[in-house]
Structure formats: structure tokens, C-alpha cells
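User: I am new to this structure and would like a short tour. Could you take me through it?

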Amino acid sequence: MTDRHWLWLAHSLVGLAAPLVPAARRSDWRREWEAELFRWWSILSPEFRGSWVYRARLLRRAALALKDAALFRSHLRAASFGRTQITRTRREPMQELLQNLRFAFRMIRRNPGFAAVVVITLGLGIGANTAVFSVINTVLLRPLPYDEPDRMTLVWTNFGPDLPQNWISGPEFVEMREFNNTFEDIAVAVPSTVAFTGDGEPVQVPTGLVSGNMFDVLRVLPHIGRLIGLDDDLPGAAPVAVLSHEFWTGRYGGDPSVLGSSVILDGQAFEVVGIIPAGFKILHPEFPERIDIWTSLLPQFGSFFGGQPTYAQLSRGSHGMRGFARLKAGVSIEQAQADMDAVALAMQERNPNYYSFTGWGLTVYSMREDLVEEARPALLVLFGAVGFVLLIACVNVANLMLARAAVREREIAVRIALGADRTRIAKQLMTESVTLGLAGGILGLAIAFGALRALVVLAPDDLPRRAEIGVDPMVLLFTLGVSLVTSLLFGLAPAFHGMKTNLAESFKEGGRGATSGLHGRNLRGALVVAEVALALVLLVGAGLMIRSFQRLLETDAGYTVDGLITMRVPLSFARYQPPEAVTFWNRLLRETAGLPGVQAVGSISNLPLSNSYSSGTTVVEASETLLPNQRAWEVDRRFVSAGYFETMQSPLVAGRLFTEADRAGVSLVVVVDEEFVRRAWPSEDPIGQRVGFDQDADGNMRWREVVGVIRHQKHYDLNTTGREQAYFPFSQGRVTSMFLAARVAGDPMALAASIRRLVWDIDPEQPVADIATMDSRVREAVAQPRFNLVLLTAFAAVALILATVGIYGVISYSVAQRGHEIGVRMALGAKSQDVVAMVLKQGVGLVAVGLGVGTAAAFALTRVMQTLLFEVSASDPVTYVVVGVILLGVGTAASLLPARRAARLEALSVLTTE
């Protein structure tokens, strides 16, 4: 190192000491020290400057600047206090902040119990808010994991009010791509499952069937190999498959040599051509969280109709494809919708016979908005609820800070009398509040990590992006912001009162000043009223959710869930044509019925509460109620075996159920539900009426005779009624994949292994999937309402506890402050019960005012919950009365303890102390 480097080190040491010197003298002081060091160094001869001894002396002399700066500062301070009129030296903001922080930490060390209560209270509120915000951030705010995600949209067909969001058929897909002017491209995909065999036990794996341009629309590149392209999605194309990264690493250990090999899906060999990147998924409400294998859509979808047709040659009425589109740059959703309205009109003009009804159209949705549409209301309600919890925590802490400010009133008065500026006092108090708030934020963040684990476990499986929920920089920024805002909320009141401290009152004997006087009591009372009002809003919300959930569990689903085991046996259409499928199912049902403990057995194409559904346009031949142009609408359609309704214990309303005689080659029959009858024949006998839903080879409607009416079944969930339902004998339709349901005496799951063995005895390569009891399907169906209920009830319980503590704290503090008054009253003859009544009157009065304010607020705010409630009004009087009684009882109990303590005061002892 040269001489210049050693001098730079010495000057750096001086620079470190410089901030200790007041700003007004700092430049001169530093210049003098640097000149002194340079002078001393320059008079040394070159050989001495090269010695390590003199280099060390240079640094030691430079280090003396620290001591000199401290002595210089002390001298100026002593000189300042020695003047007759006290003047303040100008402080830099950073120095003042550091001094405030040191004082704040000193006060916290002196009152560790108080600080612990404040930090824990804030930590609970901030932690709950951070956890819920993490969910909202992931589900509602985080962009989709695609390139330019705001340009990704979904396209639906619109069949009017009965079916505003329907899937797309092949010809519609072709025409939308041809006629639109606002999309870069439109692709389609279908979620499915396939039998994966040839490598151990046959299993059902989730599969995505995609058009050849799907990955181009999503702008996805392969991890290795290639993805499905346009050439793979042509009639007669060789079957190829792309594996997900998770399936590739889990099943094949990440071996690249899997490329070019074959996998057996539904008995057919598919060549593996690529691996998709890790974490890739199609974020769509109807797609599973994970898809293991991707294949081209047209060769598999088209084979269902026989031959190898193109998309344009598929049935226009077969709506099974989900539409995905990427907007052109600069095009808005509104512009795209206007464009698709014109496309829909062109499609109607080209196909007037098919689109003859009113209400037909095409609908464009933002992909992200469509994904979160159902989850948003519940999450926003929960976020509002947890925000109320934080407000209640802030009110509690504000009351604590006010009480502490009253204790410190004389200290503040002394500081002001000695010349401290009132603004300076307010800054000091706010610094203490911010310090406690940040500490609460750190604790809240730790609580949030644990709470998030519980939230993810409790969250329903269909919550969008559930697996991605966690703490990210946005959540950390939110926690910091909440900590600072809460610090201001609970710190403003004591800071404001610190600025208004009355010196004369504060120095009087007893020390009762502004904060402990009437104004201070009124402020603390107002905070308690706010606390009770906020707690009432949360308790009313929780009460409404409890009553709604109770009604939901008690609703008539149209079947009995106890003792039912269900499973899906997805026969492949490529391996089983309808006649072979009927033979398979007849044998499986017959042998299952012979198992020990089985009371009844049946099968259905789409089991209730299984996320499996099918519908189609159904025509009523005659109706006295419906006009001819009203006799066709979308109806849920199911294929069932004889014995299914008996197995599910679905009540028969009229007519008869299916029997073994209802088979292929005989008269076509149908069973409809009571909702179907209510719409089509409300004043007629439905038995013997005719319904059609498909055509024969000559284009003539195939009419089916109504032979029975059953109770409507809750199919999609327990919250909604759903569409009208029609049931057909499975031997009279083209159906292969079905669900088996068996009613068992004893534990239903104990029969699962036996039924699986029966399936494999019939076909060793046939997988069995989705094994579950009907009771567990009901629990899964109510997972979202239960999630809302558990969280809202937990928040309400915390609010109730905080409100109770707040009431107790304020009344206790009031009793302590009014000790002199109570002593005088007792000395003048007041009885213990009079003192108890006086204190109770104060506490119950505050609670009563809070109940009035909270009731009005709850009546207005709970309207946003109406969509989350089932058969319960947001203004349900029972809930309001019960919650009011609970809060009044809790408030009375919280006031009773300090009231009894006040009644035990001895007048002589109190007056002597005063």
C-alpha cells in the first residue's frame, strides 16, 4: 500500500467520528483534523513513513478523533445548559430518531409486562391479517404463470339464462378461429383420465387432451423433447404423449431416455415425445391441479364418433371442449366481446336450424377473472372480518396506551416544564408506538407462517392455486405496512393527549390530569363502544354462517348418504363398445351384489357430488304450459342401471323405476325428476309423456316415454338446486365409463378391496378410481362453506375475547381512578350494592351503546355475505338477538369483577391514601 492509501484510511476514521459533532461545527472540525494528520505525516522522512510502527501511529492518532468528537459534543452541551435562557442546538432528523428509539427501548425494558401484552395483542391481529392476505395475494392478485397473462382469455358458448357458460363443439371451434379479428389464436382442451397400464397395477391418471396449437397459445416451451403440435392433431396422426415434469421424475426418475419410448393408455401405445416444464398447469376451474399426461385432442375425441373426422366434421351439438384464446396486443376484453358477438351472428346465419332459439351467443372472460370468480366473495368477506379483528386489537392497545399515558402524565409534565417541546413529546410517544407495532409485526409474521399451514389444510381442494399459497415479498411488504398503520392507529390518541397535557392539573396532588379526567374517560369509553360494535359485526357474521351451515347439512339431497361406497370404473370407449360395456357392468353389478354385507348395488354415469356431469338439449313433445318454442332446454342427463335409485334410496314420486326389462331393443323409456315435471307438466300427469334428446340415422327425434318421477337430487353441490334431471337405462345409450354405488351394512370402505378384485377378475387392465364413501363426498362438497365458517367463527371468538378484555380493562382502570370518589360515597353511607350497581351501570351502558352501533353496522355490512348463505337471510332476527344477548352477558360479566372489587374498598383506607 502507498502513502496515499494509509492517509485515506486515517481520513476514513475521522469521517466515522464526524457525525458525533453538531452539524454546524462538523465541517470545520473535520477539516482541522485532516490537516493535522497530513501535517504530521508529511514531516516524516520517506523511510519513517514506510515503517509499520509509524503507520500504526498514524491510525492511532486518527482514532483519537472519536474521543475528541465526544468531548467536543459534551462541552457544547454543558455550555448550552449553563446559559440563563435555555436554547436548543439543531438536531438532525436521524439523530433525533436514534435518540427516540433509545428512549423507547428503555421504556419497554422498564415495563416488560405492558410491552408483552401490546406485542402479543398486535401479533395476533397482524398475524391473522397476514395469513389471510397471503391467500388473497396468491388467489386474487398474483398474475397467472403465463407469458403476458393479461391477454389470456376463456371463450364460452352462451345458450341463454339456463346455460350462460357452456363448452365448445368442434365446428364452433373452427368457425371461431375463422371469423374472429381480435385473437392471435384460439385453442381447445378437454380434461380427462386414462388407464395407464403395462407398468405394474393399472392406475387412472389425469390427462389433458389439447388441440395442436394449445401450447403455442399458452407460449409454453418443452423441458426436453417437443410438445404437441398441429401435425399431431390431424385425423390419422400417430398417437403421441407429453409427460408432466412431476410424472416424469416420479415414475421414471427423470430419465431422458424415456423420449421415444411408448406408454400404454387405455390399451393403446403412445410415443413419448417430450417433457413439459416443472410446475406447468392449466389454471381453469374445471381442470385438476395436476395433469400427468398430455395427448392430442382430435384423434382421441373424434374416435368416440367413429372414424377419424376433422373438427368441422364433429357433431355441432357435442359441446365438450374448453376454449382458450390469446388477445392480440392492445385489444381489450370489451373489444373481443364485441368481435365475438359478430362471430356468433355469423354462426347463426350459417346454421339457422341449430341456433334457432333466442339468447345464443359467445362469451369472453378474462382467464384470471374466470378462475377466481367463485372464490372472490368468500375471501373478501374473510379479509374484512380479519381486518375487524385487527381494529379491535388496535382499540385494546389504544386503551392500554391511554392508561399508561395517564400514569406517565407527571413525567411528561416535568419534561415540558423543563423546556421540552410538545411536538417533541408527541414524536417520542409515536416512536414508542411504532416500535411496539413493528415488534408486533415481527411476531405476527411468525404467527402467519403457522396459520398459513392450517389455512392450506382447511382450504377446499377447489380453491384456485391452493398449492402456491405462501409468504412472498408482497406479503412481507403488506405486513410492514399493516404494522406501521396499526402503530399510527393506536399511537395517535396518547400522542395527542401528550401534546395537550395541562401542567397545572398534572402537578396537583393525586396527579389527575387530562388523560385521567372526564375527557380521557370519555375517550376510553368511546373506544370500548367501538370495540363492542366491531365484535358484534363479526359475531353476527359467524352466527349467520353457523345457521347457514346447519341448514346446508339438513337439506334434502334426494338420496341417503350413510353406508354408501362409491367408485369410478372408467371403461375406455376404444376398448369397450356399448354392448361389451353393458356385459361388463351387468357382471360386475351381479357379483358385487353377492358380496357379504351388500344390501343394494347400482351404477350411474355421473354420480352426484363427484365433479362429473353431463347435459344436453332435451325436447318435450307436448305441454299445456309451455309454448312450442319453449319446449327445448338444457337438462342434466344421467344413464343408470336398474337398482341405482333403490341403492341411493331416492324416493319415487310417481310411476315406476327401471327394471332389467328396460334394455336395448325394447321401448325407450326415461325417468325424470320432480323439477322437470314442475317445468314441463305442472298441471298434467307426467307418466306417459314423451321426451326426446337425440335423433336416429334419418334425423328423426327418438322419443322416450316417461315411466317414473323421482325426487330431485342435489348433484353439483348442496347449496344450489341445479338443472332439471332426466335418467335413462344405461343399456339404451352409448355409455361406458360409470360410477358404481353399493349400500353396505357396516363400514363401507371395508368393501373397496373386494370390489376392486372383482373388477380385475373381469379385466386385469381395468383401473378403479375415485374410491370414496358418499358421506366423504358430502363433506368435500361443503368444504368451502365449512372453511368460511371455521375462519369467521375463529375471528369472531378472538374478537369476543378481545372485547371482553377491553371492557374489563377499562372498567378496572375506571374503578382505580375513581377510588377517591367511591371512598367518599361509602363514607357518606353508600352501600356495597350501590357501588356495584354504579360500576355495572357504567360497563353495561357502554356495551348497550356498542350493541346499538354494532347492530346498525352489521345490518349494513352483512349484506355482502348474502351470496355465502344458504336459506338464511342476512338480517336473520334470531342471530341478532342471540349475539346481542351473548355480548350483553359477556359485558356484564366483565364489569362485575371490578364492580365487586370496588364494593370491597374501605372508605378510611382510600381517603387516607388520597
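**A buried asparagine and a helix pair**

Analyst: In this predicted model, Asn-166 is buried because its relative accessible area is 9%, under the 20% cut-off.

User: Where is Asn-166 placed in the chain?

Analyst: Asn-166 sits in the loop between strand 1 (152-159) and helix 7.

User: Which residues is Asn-166 in contact with, leaving aside its neighbours within four places in sequence?

Analyst: Asn-166 is then in contact with Trp-156, Thr-157, Phe-159 and His-319.

User: Let us turn to helix 7. At what angle do helix 7 and helix 11 pack?

Analyst: Helix 7 (residues 170-179) and helix 11 (residues 333-350) pack at about 125°, and their axes are 10 Å apart. The two helices are therefore oblique to each other. The crossing of helix 7 with helix 11 is right-handed.

User: Which residues meet there?

Analyst: From helix 7, Glu-172, Glu-175, Met-176, Glu-178 and Phe-179 take part; they meet Met-340, Val-343, Ala-346, Met-347 and Arg-350 of helix 11. By type, the residues of this contact are 6 nonpolar, 4 charged and no polar.

User: Now the whole chain. How many helices and strands are there?

Analyst: The chain has 28 helices and 21 strands.

User: And what share of the residues is buried?

Analyst: Of the 914 residues in the chain, 51% are buried. The chain exposes about 41000 Å², with carbon and sulfur atoms supplying 59% of that area.

User: What about contacts between residues at least 6 apart in sequence?

Analyst: Among those contacts, 79% join residues at least 24 apart.

Definitions and conventions
Residues are numbered from 1 along each chain as its sequence is written. This is a predicted model: local features need pLDDT of at least 70, side-chain atom pairs count only at pLDDT 80 or more; totals for chains, interfaces and linings use all residues. Side-chain values use heavy atoms; hydrogens and water are left out. Axes are lines fitted to C-alpha atoms, for helices over the stretch in contact, and angles run from 0 to 180 degrees between N-to-C directions. Helices (H or I, at least four residues) and strands (E, at least two) are DSSP runs, numbered from the N terminus. Angles under 35 degrees count as roughly parallel, over 145 as roughly antiparallel, 65 to 115 as roughly perpendicular and the rest as oblique. A crossing is left-handed if the near helix is turned anticlockwise from the far one by less than a right angle, and right-handed if clockwise. Contact means heavy atoms within 4.5 Å. Ala, Val, Leu, Ile, Met, Phe, Trp, Tyr, Cys and Pro count as nonpolar, Asp, Glu, Lys and Arg as charged, and the others, Gly among them, as polar. Buried means under 20% relative accessible area, exposed over 50%, partly exposed in between (1.4 Å probe, protein chains only). Accessible areas come from the Shrake-Rupley method with a 1.4 Å probe; for residues, only the protein chains shown count as cover.
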